[in-house]
Amino acid sequence: MKQKDKKQPTPYSGRLRAISLPDVDVLDEGRESAHYKTQRAYSKHAESFKEGLELIEGRVSEIHSNYAYIIESGGTYYNATLSGRLKQFLYGSQALAAVGDRIQLDISQAPIYRVEHILPRSNTLSRYAGGSFQKEIVIAANIDQVIITSSWRMPMIKPGLIDRYICIAALEGLKPVVVINKIDLCEYPEDLEEATDYYRRMGYSVILCSTLSGEGMEELRQILKDRDSVFSGQSGTGKSSLINYLEPSLKLPTAEVSSFNEKGKHTTTQATLIPWSFGGHLLDTPGIKTINLHSNAKADIPHVFPGFESFAPHCRFRDCTHSHEADCAVLRALEEDVVPIERYDSYLRIMESL
């Protein structure tokens, strides 16, 4: 064989393993190489070796592209960016910070402000991306209650979506408040009462309201007072109209719902933290057509589905799925018409989706 026909070895381009890496903590002041990124666990994000910082506590009010934030602290708003140190850590969620996050802001280099620490969250409202990995998408953080906004018509009320939101609220330790807007479009009040009766009987707060007639709006105001609330729900249900009624100075944009398919348009394009004039904060979020639960929540759904938390303890088996087991309290309640068949079908759809 001629020398030139021999196969020439290719340079090694893989990862070197038998090398000594420095302690990753010393990289805080320098730009980190991608080779070390897998070493930087989120548990170390609170450690910093920077000097000369002047930190104040604040809260994320808005998030823009390219790690740009608006931070509220003591009634003052700051345009800030995310510290490069925080970008080096591995986060479980899709975004590093969420609206409502409590943070520490460095103001030592004013007018250049940087978010140096993201403080631990008390809770979140999240949805999950599709696919095998189901990456978490945090909608809002550190909130007291979620205002599950639906409408009687235009678009038509979707109790199944309300059920999913109540499950998410229960899993995160949030208080759910069911708000049915546009009740002025209801021709038969008994239909409205029938649609919401189960939620009332199970102890959930249900508010029937209309921005045209003003009915129920004062009751909604009292529930929002001095609490941090997130408005979320299907597009077109009138979240922005409700907010404008309660806080006219905001003048949030609104849009008509299509008369062809009763689908709403996204007038709210990003989540925003807004203080109420009567106390508390509003976390306004874009409308969500579908909201996913994480597959790991499947074992908890039989206990947190609306109303089931009062029946599940009386089931014969602690891991009862309420589908085929003997001495199931939920199936017994279904036979006795305590649980409507529509709500049980909604439960089965959620379980199948996981």
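A nonpolar core here is a set of buried Ala, Val, Leu, Ile, Met, Phe, Trp, Tyr and Cys residues joined through side-chain atoms within 4.5 Å, where buried means under 20% relative accessible area, exposed over 50% and partly exposed in between (1.4 Å probe, protein chains only). The model is predicted, so local features need pLDDT of at least 70 and side-chain atom pairs count only at pLDDT 80 or more, while totals for chains, interfaces and linings use all residues. Residues are numbered from 1 along each chain as its sequence is written, and side-chain values use heavy atoms, with hydrogens and water left out.

**View 1. The largest nonpolar core has 51 residues.** Leu125, Ile162, Ile180, Ile301, Phe308, Phe311 and Tyr344 have the most contacts inside it. Helix α1 supplies the largest share of this core, seven residues. A separate core of 18 residues includes Phe231, Leu252, Ile274 and Leu282. In soluble globular proteins, nonpolar side chains tend to be buried together.

**View 2. Helix α1 covers residues 159-172.** Helices (H or I, at least four residues) and strands (E, at least two) are DSSP runs, numbered from the N terminus. Buried residues in α1 include Leu161, Ile162, Tyr165 and Ile168.

**View 3. Asp163 is a buried residue of α1.** Its relative accessible area is 0%. The Asp163 side chain makes a polar contact of 2.6 Å with that of Ser346 (a pair of N or O atoms within 3.5 Å; within protein, one must be able to donate a hydrogen and the other to accept it, and residues adjacent in sequence count only if both atoms are side-chain atoms). Leaving aside neighbours within four places in sequence, Asp163 is also in contact (heavy atoms within 4.5 Å) with residues including Tyr199, Phe305 and Arg343.

**View 4. Aromatic rings pair up in this structure, with seven pairs in total.** Rings of Phe, Tyr and Trp (its six-membered ring) pair if their centres lie within 6.5 Å; planes under 30 degrees apart count as stacked, over 60 as edge-to-face and the rest as tilted. Tyr198 and Tyr199 are edge-to-face, because their planes sit at 70°, with centres 6.1 Å apart. Phe305 and Phe308 form a tilted pair, 4.8 Å centre to centre and 50° between the planes. Phe305, Phe308, Tyr344 and Tyr347 form one aromatic cluster.

Definitions and conventions:
Expected span 1.5 Å × (residues − 1).
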